[in-house]
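Look at the model below before reading on. This report goes through a few places in the chain, one by one.

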Amino acid sequence: MRVLILGVNGFIGNALTRRILTTTPWEVYGLDVASDRIEEFLPERRFRFLEGDIGINKEWIEYHVKKADVVLPLVAIATPAAYVKSPLAVFELDFEENLRIVKMAAKYGKRIVFPSTSEVYGMCPDKEFEEDASPLVYGPIRKERWIYSCSKQLLDRVIWAMGHAHGLRFTLFRPFNWYGPHLDNVEAPKEGSSRVLTQFLHNILYGVPIKLVDGGDQRRCFTFIEDGIDGLMTILKNENGAAEGQIFNLGNAAADLSIKELATRLIDAVGQYPGYDSVASRAEVVTVTSTDYYGEGYQDITTRVPSIEKARRLLGWEPTTDFDSGLKQTLDFYLLTRNPPAV
Ligand code: UGA
């Protein structure tokens with residue numbers, strides 16, 4: 001099988017590439033603006049990479065869509081601070097550029113596996129979010145945060161319509177706060193430039209107070225990347241067409257933590273690493289308002305729990321990594337490869 005991954009150097013893209021190249025005979029065509037996470041694959045014969053931009057390298061993309069059996073457009077802005085600060089950039093990249101790829105897949109009759117998002121459910125009141133039943137609930141337009149989930153939702157609907165009315169072969173998957181090695185760059189100093197786990201890790205390592213937005217009672221289900229990749233591989237293999245025309249939540253309901261608990265668990269875990277006990281013991285946790293942290297355009301999601309009944313039934317998938325062991329693998333990656341900070 002030939003798999004085209006746009007955004008191959010990203011958090012999901014690089015982990016998926018590793019899994020494909022190490023466990024299958026498939027070929028991967030990859031495009032990304034950077035290559036730091038996929039360098040080890042560059043000499044591999046079954047991996048073709050172009051360093052480039054989804055909005056510029058249009059001919060390369062079209063040529064490889066034609067050659068591929070399945071297309072995964074993983075290029076997107078996926079950090080909430082950017083939804084508030086640069087809503088139009090989110091719309092242009094996450095919606096417009098991706099729509100072009102979806103249309104191209106349809107034009108050439110290619111299967112598309114598209115990353116929807118847990119954010120699509122928004123402030124859904126359901127205890128567990130169901131792909132085919134839960135309402136998708138957003139705030140007012142002045143709350144720019146929702147432009148990401150709106151863009152993703154509309155693409156979900158476009159893909160669904162193309163599939164059901166025009167025969168586009170598709171699967172949508174919804175990651176629920178996937179984390180693991182290569183999530184974000186913890187050395188990046190800019191607040192809001194990464195997702196919560198790597199943001200907190202950065203704060204601990206650099207002696208910056210951890211900021212709990214609005215007190216940190218909001219909850220997320222943290223899903224280890226390799227569990228997510230297991231689900232994605234099952235979708236790609238698509239045995240007996242089980243994933244055809246379906247939407248799947250890929251999330252770990254057993255790792256449902258408040259952001260406050262996440263901070264405590266992370267500080268404790270970092271303190272277990274040789275040389276990191278003093279930064280961990282000095283870690284400070286403060287509360288900030290969401291307006292101060294993100295700006296007026298932010299609105300939060302208080303609970304976000306996936307139902308994985310459908311993924312279990314149709315794909316035989318469920319997460320197997322508990323939070324402690326996923327966190328350990330993540331911290332091994334981030335901490336064992338760097339020198340402990342001097343305090
Ligand atoms: C994320 C992003 O939108 C996407 O990466 C993705 O689609 C989705 O979740 C997902 O992975 O399922 P969110 O969970 O809100 O959304 O993003 P984070 O930045 O990881 O924040 C999680 C929570 O931690 C939020 O409630 C946020 O307010 C809080 N937070 C974040 C803090 O309390 N302090 C911080 O310094 C950063």
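Gln 299 sits in the loop between helix H10 (290-293) and helix H11 (309-315). Helices (H or I, at least four residues) and strands (E, at least two) are DSSP runs, numbered from the N terminus. This is a predicted model: local features need pLDDT of at least 70, side-chain atom pairs count only at pLDDT 80 or more, and totals for chains, interfaces and linings use all residues. Residues are numbered from 1 along each chain as its sequence is written, and side-chain values use heavy atoms, with hydrogens and water left out.

Is Gln 299 buried or exposed, or partly exposed? Gln 299 counts as partly exposed, because its relative accessibility is 22%. The classes are buried (under 20% relative accessible area), exposed (over 50%) and partly exposed (in between), with a 1.4 Å probe and protein chains only.

Which residues does Gln 299 touch, leaving aside neighbours within four places in sequence? They are Met 123, Gly 139, Pro 140, Lys 143, Arg 145 and Trp 146. Contact here means heavy atoms within 4.5 Å. Gly 139 is 160 residues away from Gln 299 along the chain, yet their C-alpha atoms are separated by 7.5 Å. With Trp 146, the side chain of Gln 299 makes a side-chain polar contact of 2.9 Å. A polar contact is a pair of N or O atoms within 3.5 Å; within protein, one must be able to donate a hydrogen and the other to accept it, and residues adjacent in sequence count only if both atoms are side-chain atoms.

Gly 297 is buried, because its relative accessible area is 3%. Leaving aside neighbours within four places in sequence, Gly 297 contacts Val 84, Arg 142, Lys 143, Glu 144 and Arg 145. Leu 74 is 223 residues from Gly 297 in sequence, and 25 Å from it in space, C-alpha to C-alpha.

## Helix H5

Trp 146 leads us to the next element. Helix H5 (residues 146-166) has 21 residues. From first C-alpha to last, H5 reaches 29 Å, close to the 30 Å expected at 1.5 Å a residue. The expected span is 1.5 Å times one less than the number of residues.

Trp 146 is one of the buried residues of H5, and Leu 155, Ile 159 and Met 162 are also among them. What covers the buried residues of H5? The cover includes H3, helix H4 (87-107), strand S5 (111-115) and strand S6 (170-175). Just after H5, Gly 167 takes a positive phi of about 80 degrees.

## Around the ligand

How many residues surround the ligand? There are 26, and the closest are Tyr 83, Thr 117, Ser 118, Glu 119 and Lys 211. To count as near, a residue needs a heavy atom within 4 Å. Helix H3 (80-85), H6 and strand S8 (210-213) each supply at least two residues of this shell. The shell divides into 14 nonpolar, 5 polar and 7 charged residues.

Tyr 83 has a polar side-chain atom 2.7 Å from an oxygen atom of the ligand. A polar side-chain atom of Thr 117 also lies 2.7 Å from a ligand oxygen. For Tyr 298, a side-chain N or O atom is 2.9 Å from an oxygen atom of the ligand. The protein covers 96% of the 710 Å² of accessible area that the ligand has on its own.

Ser 118 is found in the loop between S5 and H5. Ser 118 is buried, because its relative accessible area is 3%. Its contacts, leaving aside neighbours within four places in sequence, are Arg 174, Pro 175, Phe 176, Asn 177 and Arg 304.

## Two positive phi angles

His 182 has a phi near 70 degrees, a positive value in a residue other than glycine. Its place is the loop between strand S7 (178-179) and helix H6 (196-205). His 182 is buried, because its relative accessible area is 19%. Not counting residues up to four places away in sequence, His 182 touches Phe 11, Asn 14, Arg 37, Phe 333 and Tyr 334.

Asn 238 is not a glycine either, and has a positive phi of about 50 degrees. Asn 238 lies in the loop between helix H7 (225-237) and strand S11 (246-250). Asn 238 is buried, because its relative accessible area is 11%.

Methods: Accessible areas come from the Shrake-Rupley method with a 1.4 Å probe; for residues, only the protein chains shown count as cover. Ala, Val, Leu, Ile, Met, Phe, Trp, Tyr, Cys and Pro count as nonpolar, Asp, Glu, Lys and Arg as charged, and the others, Gly among them, as polar.
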